[in-house]
Amino acid sequence: MRFAPQTILPAVPAAFGWEELRADKGVSCIMRARVEVSMELTFLGATGTVTGSRFLLEVEGKRLLVDCGLYQGLKQYRLRNWEPFPVSPERIDLVFLTHAHLDHVGYLPRFCRSFSGKIHCTHATRDLAEIVLLDSAHLQEEDAYWANKKGYSKHRPALPLYTVADAEHALSLFAPFHYGEDIFLTKTLRVKFKDAGHILGSSLVDIKTTKGGRTLRVAFSGDLGRPDRPILRDPTQLYEVDYLIVESTYGNRLHDSTPPEQELARVVNESVARGGVLVIPAAAVGRTQELLYALRELEERGEIPALPVYVDSPMAIDATGVFEKRKGYYDLKAKVLELEGKRILQTKRVRFCRNRDESKSLNAVAREAIIVSASGMVTGGRILHHLEHRLPRPQDTVLFIGYQAEGTRGRTLVEGEPTVKIHGQEVPVKAHIELISGFSAHADYQETLAWLVGFNRPPLKTFIVHGEPEAAASLAEKIREKLGWDVVIPMFGETHTLE
Ligand SMILES: [Zn+2]
């Protein structure tokens, strides 16, 4: 059963240990009197924004980088992709990745021009990163090509941030592990990936160093998933964490309590009734597969007609292939369905459009169809062509099912602007714009608090990252208020000694 996030906190009685979870400063001080182990943590990204996740952890003489993300969205952040990396990549020993989204892995090809260590992540993250990085490199090369051809860059020649060859080199450095495997970097320094429930292969990174009988444990949430989402497991509960780095994308919001599948059925049926086409911008990795799963379930329950579903993104097709190859990463329910012989990502009339001609032919589809295309925030990809064609048509519908970052076309559209710029033209918005937040792969603040409530003691310090400023501030306040924990919102470049 879906729990009601709005009620979980007041519903937990003190006898269940609620009070014990509050920070008890006295106990912490006594336990931490002898300082023998320490780490230095530097925030190189995802501060004040949801992109560019990069954290440097120095421990036992090693420099570890957790995530190597691309900055996206606002220009002030995107420009950081072009600046020299704050620490020379040659001086970093290892990279650990929480998951394969671009804002967590997308800087790797540039970074690896001067990095020669290994990149560790789960096997599914490695498979998905291959798709994501090669696609990103193609886009970078294409952007530079058009900038040179049309002369709209002030740089002569305009160079790509990185190339396909850079991405291939970065991929050659990957050395994946399974969830739960002990990765010993020294006899006393151990790293472990645990399921974060955000996308396939996503991980919490748990890093532990031991010295003189004292253990110091740091955990990175990466992007934290949600309870009861299809295909994915719930986020793994962590315990005995000394320092926690937690994301706050939805730090000031709650997801709609209506199940997103129910909302999806409504949008599909209304789109059919209007006699138009439903276009869904969806991230190729994760969201598209979750959507296919939901559409199949709705078809099977007879809640929507079995419409043609066009998955128009080569990247989404490849990512779907990774899902089908890595079924061991599914939650129990999805594995049971597969064991029963169901293909959980196939609707009755699904069509995967790999080549450009198939994609273009979709413009001729006038009614009773669903087009799923990337990117999810309409920052690039084939979705641009579909929206250019569909937005001026009042009978069509555009449905957003993911987070829309500041500065993206997706954000412009969900904010109800009358026009949006695509391919240099202002396109009028006449189509119906819908937003379902419940498909989000990020925990909302109540779900994040629910995860924190499960810790068996407060971390010495909790760092809030990966949120726009209001979201981070709001989550920090809620954690202080509900749990009394010591919470910090770090600034870009800030270093903290953990001991
Ligand atoms: Zn993510």
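**Side-chain contacts of charges and rings**

R80 lies over the face of F492, at 3.8 Å from the ring centre; a charge is taken to sit over a ring if NZ of Lys or CZ of Arg is within 6 Å of the ring centre and within 35 degrees of the ring normal. R253 is placed likewise over the face of Y250, here at 4.5 Å from the ring centre. The model is predicted, so that local features need pLDDT of at least 70 and side-chain atom pairs count only at pLDDT 80 or more, while totals for chains, interfaces and linings use all residues. Residues are numbered from 1 along each chain as its sequence is written, and side-chain values use heavy atoms, with hydrogens and water left out.

Turning to the rings themselves, the structure holds twelve aromatic pairs, where rings of Phe, Tyr and Trp (its six-membered ring) pair if their centres lie within 6.5 Å, and planes under 30 degrees apart count as stacked, over 60 as edge-to-face and the rest as tilted. One of them joins F55 and F220, whose ring centres are 5.7 Å apart with the planes at 35°, so this pair is tilted. Because F55 belongs to strand 2 (residues 54-59) and F220 to strand 9, the contact ties together parts that are 165 residues apart in sequence; strands (E, at least two residues) and helices (H or I, at least four) are DSSP runs, numbered from the N terminus. F55 is buried, with a relative accessible area of 4%, and F220 is buried at 2%, where buried means under 20% relative accessible area, exposed over 50%, and partly exposed in between (1.4 Å probe, protein chains only). Y179 and Y329 form another tilted pair, 5.3 Å centre to centre with 55° between the planes. Y179 lies in the loop between helix 7 (164-172) and strand 6 (183-186), and Y329 in the loop between helix 10 (314-325) and helix 11 (332-339), so this pair ties together parts 150 residues apart in sequence. Both Y179 and Y329 are buried. Ring pairs also link F43, F55, F220 and F463 into a cluster.

Among the charged side chains, the structure holds 32 salt bridges, each being a side-chain nitrogen of Lys or Arg within 4 Å of a carboxyl oxygen of Asp or Glu. R226 forms one with E447, the closest N and O atoms being 2.9 Å apart. Since R226 lies in the loop between strand 9 (214-220) and strand 10 (243-247), whereas E447 lies in helix 15 (residues 445-453), the pair ties together parts that are 221 residues apart in sequence. R226 and E447 are both buried. E240 forms a salt bridge with R457, with 3.3 Å between the closest N and O atoms. This pair, too, links distant parts of the chain, as E240 is in the loop between strand 9 and strand 10 and R457 in the loop between helix 15 and strand 19 (461-465), 217 residues apart. E240 counts as partly exposed at 36% relative accessibility, while R457 counts as buried at 16%. The side chains of R411 and E415 meet in a further salt bridge, at 3.1 Å from N to O, and R296, E297, E300, R301, E303 and K342 are linked in a network of salt bridges.
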